[in-house]
Amino acid sequence: MSSVGGIDAVRVKVALEENPNDIRRFVIDPNITTFADLYKWIQRAFYIKRNLEISHRLSCGNSLLNFTITSDKDLQEAVVATVNSPYLELSIHVTDETVVPNESEDWIVLDGYDIPMIKDIRSFGNRLALPIASALRKRVENTLYQITSAFIDTSRKSPLGESDWLAHFDDEGRLINPQELWVIVFNWGVEPTLRKDVWKHLLNVFPPDLTEIDREKYLLMKSKVYWQIRASWKREDQLPKTEPLRDMVWKDVRRTDRTYPYFDVPDEHQRLTSLFNILVTYAILNPDVSYAQGMSDLAAPLLVVMEDEAVTFTCFSTLMARCKKHFLPDGKAMSLKFDHLTLLVQKFDPELYKYLLKVEADDMFFCYRWLVLDLKREFQFDDALNIMEAIWSSLLPPPPKDAPQSPSGETFNTANKLCNHSSAVLRSEGYNSLPYSYQSLVNANNDENFSDEDEYAQLNINDFGGKLELVSLPDPYHLGDGNPFTLFLCLAILILHRERVFSEQDYNSLASSFDKKVRKHDAEKVLSKARQLFSQYLRHCEIVDNNEFVSLQKPKEKVKEKKNDSWFDDNSCEIVSSSGQEIQC
């Protein structure tokens, strides 16, 4: 932090006075965050309904001083006082005073209305016989090596164009073989004029197998529902209930991408009003997450592309079905991503990881903005659109319902067990190797001049002071909580700027250095490097037909012979017996 007006984010660490080990970490924008906002967020983060006393903990020599924060002025002074600290450290004391009403539960009770249903929407295919997620997954992946790199034109350098797009619809307008299209999008992007249509499919807005006419009816139904909900909270008798929410959203909307031509308009312009309406409506319909700073960054590109408020809301709701966990106050989803990014740095660049340990930045918290916003703020607006569609095209449908959930909030000392269970589930579903969609990405990014040995340096566990216990990576369905490519984009930025990292002497200067790179990263270089790294990872994520897994620990006695296709060829890897089958990463 340099000054309140000169930064976009302040990293906050909050601890309970009664239990100092109970900690929450999050980021605020000091330019728009009020004391009331902070108070409410802390209550939600700790699930507290009683009154709080908030204190700023400041180190002064060998002493630790506590300053009570009770106003916006106190909060601003606390931010300025921690200008040279990695965190704004806060302590909270829960009082026994009158119970505070839970504002998150005091939402509008909308009047009942008939949701306009369209009876003629038809969908065909095996989703009628199976749950949608499972059926869609099978449709995407059922070829498994029967379809190979013959579908991938490795010499192609152009984005998805109209001829490719139209060729993948049948006579009634059903999208066929979308995985072939997503490989093109992942590697070469989409023509800007096609984004309005392509993005709806990338975001899985539609149920599978709808005809063109049915998709139009589906969007019409969704739009009618949106307009009625929006009209409900805009009634005069309801406006007082949403005033704090609306004030918070409007503060963000007024500052979102205002240098981009689409939003370079007066405050009263309809474009800003539409963005505001979308975010408030979403917050009211989703009180568990409500609105959090950064959501406007995700909604703004959708509005620019769709140019329709109701359709943008439908797309945003679909996107938030995956991203809303980023904004939940418990922080579990973000903690999981930090853990996984740490594992990737360990695996791909041990020297860099060793330096991050030295400057106490191995928690990767300086990457918070990257992960919570899918790196949207790290690039110029038009480049960010390319980044977003690359991320979406890399995603697979969700795994079967009986697949284990990622152990959010835990470190991945249990990652091997997770991979072991996941593999059994995949095999039970008939998946004997990499899914076609991921296999295609591997084939498209297979560079004969790029060897594994160049990318994986040899690790010496003694160099890490015993802190490095495991570098086994989760499978693609669990890495990054099901969004692995975003982590590889972060990894690519770190590797491309590793000399910048080595030049910084402490955590604060490192975080400040990357804060100065906002909207200045080279999207083409980052995407190219990330695809390359992701391809390396996927080529080694293979289901092995034995009952062993690899963990990086000091060998106790002998090291059993490793297979030639091992993910990580290192003499300090011990083969540990385990039951069942697993994905060896």
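1. Both F366 and W370 are buried. The model in which they occur is a predicted one. The ring centres of F366 and W370 lie 6.3 Å apart and the planes stand at 85 degrees, so this pair is edge-to-face. F366 and W370 also belong to a cluster, linked by ring pairs, whose other members are Y87, F338, F365, Y368, Y507 and F514.

2. On the overall architecture, the protein chain contains 22 helices and nine strands. Of its 585 residues, 57% count as buried. Among contacts between residues at least 6 apart in sequence, 76% join residues at least 24 apart.

3. The aromatic pairs deserve a separate point. A search of the whole structure returns 28 of them. One is formed by F186 and F485, with 4.8 Å from centre to centre and 65 degrees between the planes, an edge-to-face arrangement. F186 is in helix α5 (residues 178-188) and F485 is in helix α19 (residues 484-496), so the pair ties together parts of the chain that are 299 residues apart in sequence. F186 has a relative accessibility of 0% and therefore counts as buried, the cut-off being under 20%. F485, at 0% relative accessibility, is likewise buried.

4. Helix α5 has a further packing partner in α15. The axes of α5 and α15 are 8 Å apart, and the two helices pack at an angle of about 145 degrees. Their crossing is left-handed. On the α5 side the contact involves W182, V185 and F186, which meet E389, A390 and S393 of α15. By class, the residues of this contact comprise four nonpolar, one polar and one charged.

5. The crossing of α9 and α11 is right-handed. From α9, the contact draws on Q270, S274, N277, I278, L279, T281, Y282 and L285; from α11, it draws on E309, T312, F313, F316, S317 and M320. Seven nonpolar, six polar and one charged residues make up the contact of α9 with α11.

6. Where does D374 lie? D374 is placed in the loop between α14 (368-372) and α15 (381-393). Its relative accessible area is 4%, and D374 is therefore buried, since the cut-off is under 20%. Leaving aside residues up to four places away in sequence, D374 touches R322, C323, H326, I387, I391, N483 and T486.

7. The other loop residue is N51, located between α1 (35-46) and β3 (52-60). Is N51 buried or exposed? With a relative accessibility of 19%, N51 counts as buried, because the class takes in values under 20%. N51 and T95 are separated by 44 residues in sequence, yet their C-alpha atoms are 5.6 Å apart in space.

How values were computed: Residues are numbered from 1 along each chain as its sequence is written. This is a predicted model: local features need pLDDT of at least 70, side-chain atom pairs count only at pLDDT 80 or more; totals for chains, interfaces and linings use all residues. Side-chain values use heavy atoms; hydrogens and water are left out. A crossing is left-handed if the near helix is turned anticlockwise from the far one by less than a right angle, and right-handed if clockwise. Helices (H or I, at least four residues) and strands (E, at least two) are DSSP runs, numbered from the N terminus. Contact means heavy atoms within 4.5 Å. Ala, Val, Leu, Ile, Met, Phe, Trp, Tyr, Cys and Pro count as nonpolar, Asp, Glu, Lys and Arg as charged, and the others, Gly among them, as polar. Buried means under 20% relative accessible area, exposed over 50%, partly exposed in between (1.4 Å probe, protein chains only). Rings of Phe, Tyr and Trp (its six-membered ring) pair if their centres lie within 6.5 Å; planes under 30 degrees apart count as stacked, over 60 as edge-to-face and the rest as tilted. Axes are lines fitted to C-alpha atoms, for helices over the stretch in contact, and angles run from 0 to 180 degrees between N-to-C directions.
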